[in-house]
Amino acid sequence: MPFTLRGDDVCQPTPPTPIPNPYWVAFSASAAKLIDLELGAVGLPKDPDWLELLAGNQLNVGELTFSSPISTAYSGHQFGSWAGQLGDGRAILLGDMNQLELQLKGAGKTHYSRMGDGRAVLRSSIREFLCSEAMHALGIPTSRALSVVGSKQRVIREKLETAAVCSRIAPSFIRVGHFEHFASLQNIVRLKDLADLLMSEFYPKCLNKNDPYLSLFKEISARNAKLVAQWQSVGFCHGVLNSDNISVLGLTIDYGPFGFLDHFEIDHICNHSDHGGRYAYHRQPQIMHWNMACLASAMLPLLELKYSPEESQAHLRSALEEFPVTYAKEWQQAFRSKLGLQLEIESDIELIERLLQAMHDSKVDFTTFFRQLSNIQKDSRPTDITQRDEFLDRENIDQWFTDYIHRLQKEVLGDEARKGMMNQVNPKYILRNHLAQSAIEKAQQDDFSEVARLQLILSKPFDEQEIFGDYAKPPPVDMQRIEVSCSS
Ligand code: AMP
Ligand code: MG
């Protein structure tokens, strides 16, 4: 058995609650490979008992039995304030396969459900499924989604909806909130157990360092700095960057009211319930840094096992200062690649920032703009570049294109080779809100074909896939402002 939280101060036995007459809504053959799940001809599990298992209706399939499903306790900061104990209110860890944890989300009440019903609705389950698999295909660290199983069981949200269970897979679902949990209980022994287990399973190199806990903190922080840089580079907004939604493995987890940018708007807020814009696109890096400060303060007692309180604080403070440095490096690297720049020239940063400002001012579609940028050649003339028509201030963008072309001329790579490279980092297809919405609306009428189609297209986001060209387009005007709330 690999790493799993143990002890009744952090987890409770939690059998899933069955749902009536489950059916497949979506399934990922690619995620199934991770756990060596045998599939039949139609790309679904060969053994039909898997449907019952992933619905939470039984705990065994063939020889396989999940004998001790659990839910875990974590605590955390929500929207900047200490929220106390939270926990897996609707996620149940069935167990592990191939060193990976298999979780059911929406499989009924747990010890930590508080006032909630432990269920998830069809729409949010489809969104989590599609986005997990899309992020993976974009090369961004994420929990994976194996399936969505639907049922006609009703659940009450703002209106009556139907329930679904999404199954997800990750090496571990441990969060910053798990550290905060033991820290808030001032249980240093258990805090240490948690850090020790995390190192032995996932960060073995830290064990050999002079200061293993400090080194663990730095590694977690660096992974999350890199993660946010990757989000920014594809225009992904998480929506609820509370400390209980931050993975200590640097994975994107807990997909809720997330959104990809359509037109570039630096302060875009994807979560309709985020009135103050705490989790707006441009704030994600600083908010992740803030979450790392929460982790640092939770880990402080571990450093105090070796150092004085003052020394411990000083060590963690300077480790925290590495976050913006790592983030800036990763962000610059990511955006240089988006522009097809291999050489590192200092003025590149200004060039990138000028472009983003112009895109913001003219509300230019983020994904299509970068995708088409690869058509520019070293001998292109700014006034011939059709993309200039998307900008209100032509003079400004012509100057930018002029500077960009000059900059390209310094590169060794030829136009074709650069185009190939750029098209490997600038996706053509992302999970736009309006696409998810239309797949959901069909699914609510029991037609799951659009979910499958989107899943297929988004599994190859960098490929041209000409026949699906319409899926690359920005949303029609009437679908530009779909609001996504926390309710799920
Ligand atoms: P989230 O915003 O989805 O990360 O959820 C925040 C917290 O609320 C987590 O502790 C969840 O487990 C819990 N939660 C959300 N929805 C429900 C629900 N329907 N039933 C029980 N707990 C829930
Ligand atoms: Mg959560």
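Reader: Which residues coordinate the magnesium ion (ligand 2)?
Author: In this predicted model, the magnesium ion (ligand 2) is held by Asn245 through OD1 and by Asp254 through OD, at 2.0 to 2.2 Å.

Reader: Are asparagine 245 and aspartate 254 buried or exposed?
Author: Both asparagine 245 and aspartate 254 are buried.

Reader: OK, the overall layout. Into which domains is the protein chain divided?
Author: Domain 1 covers 11-168, domain 2 covers 176-332 and domain 3 covers 339-422.

Reader: How far apart are domain 1 and domain 3?
Author: Their C-alpha centres lie 42 Å apart.

Reader: Pockets next. How much space lies in the largest pocket?
Author: About 910 Å³. Its lining has 37 residues.

Reader: Which of those lie nearest its centre?
Author: Gln78, Arg90, Arg114, Cys486 and Ser488 lie nearest the centre of the largest pocket.

Reader: Which helix or strand gives the most to the lining of the largest pocket?
Author: H3 does, with three residues. Helix H3 spans 122-137, and strand S12, at 160-170, also supplies at least two residues to this lining.

Reader: And which domains does the lining of the largest pocket draw at least three residues from?
Author: Domain 1 (11-168) and domain 2 (176-332) each provide at least three.

Reader: On to the second largest pocket. How much space is in there?
Author: About 530 Å³. The second largest pocket is lined by 30 residues, and Arg123, Glu161, Gln437, Ile440 and Gln444 are the closest to its centre.

Reader: Which elements give two or more residues to that lining?
Author: H3, strand S11 (144-156), S12 and helix H14 (433-443) do. H14 gives the most to the lining of the second largest pocket, with six residues.

Reader: How do the residues of the lining of the second largest pocket divide?
Author: They divide into 11 nonpolar, 10 polar and nine charged.

Reader: Which domains does the lining of the second largest pocket draw at least three residues from?
Author: Domain 1 (11-168) and domain 2 (176-332) each give at least three residues to the second largest pocket.

How values were computed. Residues are numbered from 1 along each chain as its sequence is written. Chains are lettered from A and ligands numbered from 1 in the order in which they are written. This is a predicted model: local features need pLDDT of at least 70, side-chain atom pairs count only at pLDDT 80 or more; totals for chains, interfaces and linings use all residues. Side-chain values use heavy atoms; hydrogens and water are left out. Donors are N, O and S atoms within 2.8 Å of the metal (3.2 Å for Na, K and Ca); water is not among the atoms, so sites may look incomplete. Buried means under 20% relative accessible area, exposed over 50%, partly exposed in between (1.4 Å probe, protein chains only). Domain bounds come from an automatic or database domain assignment. On a 1 Å grid over the protein atoms alone, a cavity is a set of points where a 1.4 Å probe fits but cannot get out, and a pocket is an open set with protein on both sides within 12 Å along at least five of seven lines; lining residues have an atom within 4 Å of a point. Grid points are joined across faces, edges and corners, and a volume is the space filled by probe spheres set on the points. Helices (H or I, at least four residues) and strands (E, at least two) are DSSP runs, numbered from the N terminus. Ala, Val, Leu, Ile, Met, Phe, Trp, Tyr, Cys and Pro count as nonpolar, Asp, Glu, Lys and Arg as charged, and the others, Gly among them, as polar.
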